[in-house]
Amino acid sequence: MTYVDGFLVAVPTANKDVYREHAEGALPMFKGYGATRMVEGWGDDVPRGEVNDLYGAVQAKDDETVLFSWIEYPDKATRDAAYQQMEADPAMKDMPEMPFDGKRMVYSGFELLHEEGTGGKPGYIDGVVLPVPTAKKEAYRDFCKTADAAMMEAGATRVVDTWGDDLMVGKQTDFHRAAHRKDDENVVFSWIEWPDKATRDAGWEKLMKDERLSSHDRPFDGKRMMFGGFQPIVDA
């Protein structure tokens, strides 16, 4: 996997099962276009932020849940070809109506920056979105190498960090506005896979005391980092 389409979506909480069925119905189509994996993470432990957060990213309402989702592709060429096929596929017109407000869906293409572990079928996921100065790309990659190694030691099974490549500009929402991105910054879309929530909670207790993270210079504005914990409802 070297390319990812990352998504943030606000879904009416009452539509959870309908959304899962909608995503499962679309899975064969994406796999047919060359995707290797599709994951839908249902918001479970998503905190509010002082500057920004995942709720604001999708303008979530009180009766909605935030989803952190992604589609993995072997490379960008396969992903770009998939989009072309989707636009030309008559079956797209027969897709059922989306059980959420598509105008507030945030999505973009990201290239792989760093990866640790092989994962599997995680029982829990931490999702992260943040702005990083473009000039500090390599410094951020170095930070990821240190942080990701610590997360693996704390019990994570896979950590993936991706760098904005094809950042969409939306009429209502997008990653630019969600991250309060400045002109000299890019957007990072990352996730951590854990065996289960208990391992994740215990893992973060260890990480908060890990000197490798507390002493490492962070090449980004942590106040604008958006994150949360998610239960995978589709992973195939």
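## Buried residues, nonpolar cores and salt bridges

Leucine 207 lies in helix H6, which spans residues 197–207; helices (H or I, at least four residues) and strands (E, at least two) are DSSP runs, numbered from the N terminus. This is a predicted model, in which local features need pLDDT of at least 70 and side-chain atom pairs count only at pLDDT 80 or more, while totals for chains, interfaces and linings use all residues. Residues are numbered from 1 along each chain as its sequence is written, and side-chain values use heavy atoms, with hydrogens and water left out.

With a relative accessible area of 3%, leucine 207 is buried (buried means under 20% relative accessible area, exposed over 50%, and partly exposed in between, for a 1.4 Å probe and protein chains only). Apart from neighbours within four places in sequence, leucine 207 is in contact with Ala150, Met151, Ala154, Trp194 and Leu213; contact means heavy atoms within 4.5 Å.

In soluble globular proteins, nonpolar side chains tend to be buried together. The largest nonpolar core here has 27 residues, of which Leu8 and Val129 touch the most other members. Such a core is a set of buried Ala, Val, Leu, Ile, Met, Phe, Trp, Tyr and Cys residues joined through side-chain atoms within 4.5 Å. Beyond its neighbours within four places in sequence, leucine 8 is in contact with Leu54, Ala57, Val58, Leu67, Phe68, Arg104, Met105, Val106, Val129 and Phe175. There is also a second, separate core of 22 residues, including Ala26, Ala35, Ala82 and Met86.

Serine 69 lies in strand S3, residues 64–73, and is buried at 2% relative accessibility. Its side chain makes a polar contact of 2.5 Å with the side chain of glutamate 40. A polar contact is a pair of N or O atoms within 3.5 Å; within protein, one must be able to donate a hydrogen and the other to accept it, and residues adjacent in sequence count only if both atoms are side-chain atoms. Neighbours within four places aside, the residues in contact with serine 69 are Asp5, Gly6, Phe7, Tyr19, Val39, Glu40, Gly41 and Phe189.

The structure holds 25 salt bridges, a salt bridge being a side-chain nitrogen of Lys or Arg within 4 Å of a carboxyl oxygen of Asp or Glu. Among them are the following pairs.

| Lysine 197 | Aspartate 44 | 2.8 Å |

Lysine 197 is partly exposed, at 32% relative accessible area, and aspartate 44 is partly exposed at 35%.

Arginine 158 belongs to strand S6 (residues 158–167) and glutamate 72 to strand S3, so the pair ties together parts 86 residues apart in sequence. Both arginine 158 and glutamate 72 are buried.

Arginine 200 is buried at 7% relative accessible area, and aspartate 126 is buried at 5%.

Arg158 and Glu72 are also part of a network of salt bridges that links Arg37, Glu72, Glu115, Lys121, Arg158, Glu193 and Asp235.
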